[in-house]
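Have the sequence and the model side by side.

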Amino acid sequence: MKQLKIAIFCSGGFSTSLIGSKMQKVYDAEVKDVKVDAYDFGMVDEVGDDVDVILLAPQIAWAFDQTVEGHPNTKVIQLTMQEFGSMDGEVLVNALKEKGID
């Protein structure tokens, strides 16, 4: 089975890098072949087609439609303020499981 690649985007890439590392720890503890990386939203067109899932932080919710249009073969998920604000990798991994990403 191929590695699941998840990219988290926000306006600066700072808060998402913390969330991404917390999510990575959860996946590693579950022994899942998942790679989580965080990026500034300016990188979405550069990496969006090379990942399986694009997660958008709440502060860039305005970009959801254009991201879906620009990356039709990639699952795009808008994180809620509660999910993102939790800064909890387990909360986010469980939210993705509920959306069929496992």
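Start with K25, which lies in helix α1. Helices (H or I, at least four residues) and strands (E, at least two) are DSSP runs, numbered from the N terminus. This is a predicted model, in which local features need pLDDT of at least 70 and side-chain atom pairs count only at pLDDT 80 or more, while totals for chains, interfaces and linings use all residues. Residues are numbered from 1 along each chain as its sequence is written, and side-chain values use heavy atoms, with hydrogens and water left out.

Is K25 buried or exposed? K25 has a relative accessible area of 61%, so it counts as exposed. The cut-offs are these: buried is under 20% relative accessible area, exposed is over 50%, and partly exposed is in between (1.4 Å probe, protein chains only). K25 and E90 are 65 residues apart along the chain, yet their C-alpha atoms are separated by 8.9 Å.

Now the sheet. Four strands form an open sheet in the order β2-β1-β3-β4, with parallel pairing. Two strands pair if DSSP finds at least two bridges between them. β2 and β4 stand at the edges with a single partner strand each, so one side of each has no neighbour in the sheet. On average, neighbouring strands are turned by 20° against each other, direction ignored. Axes here are lines fitted to C-alpha atoms, for helices over the stretch in contact, and angles run from 0 to 180 degrees between N-to-C directions.

Follow the bridges across. β1 and β3 pair over four bridges in the parallel sense, and A7 has I54 as its bridge partner in β3. Helix α1 packs on this sheet and touches β1, β2 and β3; its direction makes about 175° with that of β2. Contact means heavy atoms within 4.5 Å. β3, α3 and β4 make a right-handed β-α-β unit. Right-handed means that, with the strands pointing away from the viewer, the path from the first strand over the helix to the second runs clockwise.

Next, look at H71, in the loop between α3 (64–70) and β4 (75–78). H71 counts as buried because its relative accessibility is 2%. Its side chain reaches the backbone oxygen of V44 at 3.4 Å. The H71 side chain also makes a polar contact with the side chain of D45 (3.2 Å). A polar contact is a pair of N or O atoms within 3.5 Å; within protein, one must be able to donate a hydrogen and the other to accept it, and residues adjacent in sequence count only if both atoms are side-chain atoms.

Most residues other than glycine have a negative phi. V31 is not a glycine but has a positive phi of about 55°. V31 is found in the loop between α1 and β2. M87 has a positive phi of about 50° and is not a glycine either. M87 lies in the loop between α4 (81–86) and α5.
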